Amino acid sequence: MKRSPWVQAMLLTLVSSVIFGVGCGGSDKSNDPTPPAQTSTTPVSDASTATPGPNSGTALGETVNCEDSWKKYVALHPSGLLVNYATVSETKGGSGEVIQATQSTYEDKVQEANDGHVLSTRTTVIQGLPQPVVSKLDFTKSQFLLGCDKVNGALNGTPLDTSIQILEKSTQSITVPAGTFTTDFIRGNMGTGSTKFQNWSLQDGSTIVVKTILETSTDVGGGLMTGTITTELTKLARP
């Protein structure tokens with residue numbers, strides 16, 4: 001069966017939820033931080049400038065060829081690929097007051113791409129820090145295949161040890177600082193449902209993330225504290 005674009009987007013959502021979830025501080029290795037599955041859902045407000053496009057709809061039952069998907073991922077993330085992002089993080093108290101707001105930018109450049117891993121250098125500029133932070137992102141084949149297996153399980157309705165609950169998927173056109181792109185859009189919940197995500201990724205086969213929004217809510221001393229992390233693509237340069 002021919003694989004729909006949103007299936008690839010779903011796979012990369014698992015990837016980007018880890019990469020973007022650590023913020024802009026960088027990470028040498030990404031472990032799966034999501035807690036056990038939960039079935040509760042909460043609607044997510046769409047704060048993007050995206051508009052619906054064609055080819056929306058559901059196509060459950062199809063699965064991903066994980067080995068082929070990894071080969072395609074490596075081919076479309078060659079050495080020299082450069083992506084820049086801007087991230088805005090905001091924390092609000094129970095009455096809606098802004099407790100903390102930070103801005104940061106980062107640049108990811110692929111240094112090495114082969115069958116074993118895709119190694120990138122991340123240079124991050126964080127508001128308030130005097131020097132950029134340079135780190136390595138080593139995304140291995142085993143991490144990719146693990147995420148791919150989770151996607152296949154979700155497509156077949158198999159309960160997972162991690163919760164990625166898809167509430168909406170569609171094709172959308174979205175405008176970010178890097179330009180206007182046609183994307184695969186996915187909206188859903190992670191973990192216990194207190195973390196909500198929206199993810200837009202390129203439809204050109206690379207599934208490079210164009211925009212992502214992570215929303216969290218936490219009960220602190222009887223009051224609800226919410227956090228929003230919005231990341232947008234500001235530059236894309238292929239070798």
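**Exercises on a predicted model**

Val 134 touches Thr 121, Arg 122 and Thr 123, leaving aside residues up to four places away in sequence; contact means heavy atoms within 4.5 Å. This is a predicted model: local features need pLDDT of at least 70, side-chain atom pairs count only at pLDDT 80 or more, and totals for chains, interfaces and linings use all residues. Residues are numbered from 1 along each chain as its sequence is written, and side-chain values use heavy atoms, without hydrogens and water.

**Exercise 1.** Decide whether Val 134 is buried or exposed.

*Solution.* Start with its place: strand S5, residues 133–140. Strands are DSSP runs (E, at least two residues), numbered from the N terminus. Next, take the relative accessible area of Val 134, 58%. Buried means under 20%, exposed over 50%, partly exposed in between (1.4 Å probe, protein chains only). Val 134 is therefore exposed. Finally, check Arg 122: 12 residues away in sequence, 5.6 Å from Val 134, C-alpha to C-alpha.

**Exercise 2.** Find which side chain joins Lys 211 in a polar contact.

*Solution.* Locate Lys 211 in strand S9, residues 209–220. Its relative accessible area is 5%, so Lys 211 is buried. The partner is Glu 232, at 3.3 Å. A polar contact is a pair of N or O atoms within 3.5 Å; within protein, one must be able to donate a hydrogen and the other to accept it, and residues adjacent in sequence count only if both atoms are side-chain atoms.

**Exercise 3.** State how many bridges join S2 to S10.

*Solution.* The strands run antiparallel, with 11 bridges. Tyr 85 stands opposite Leu 233 in S10.

Terms used: Helix = DSSP H or I, 4+ residues; strand = E, 2+ residues; numbered from the N terminus. Pairing = 2+ DSSP bridges.
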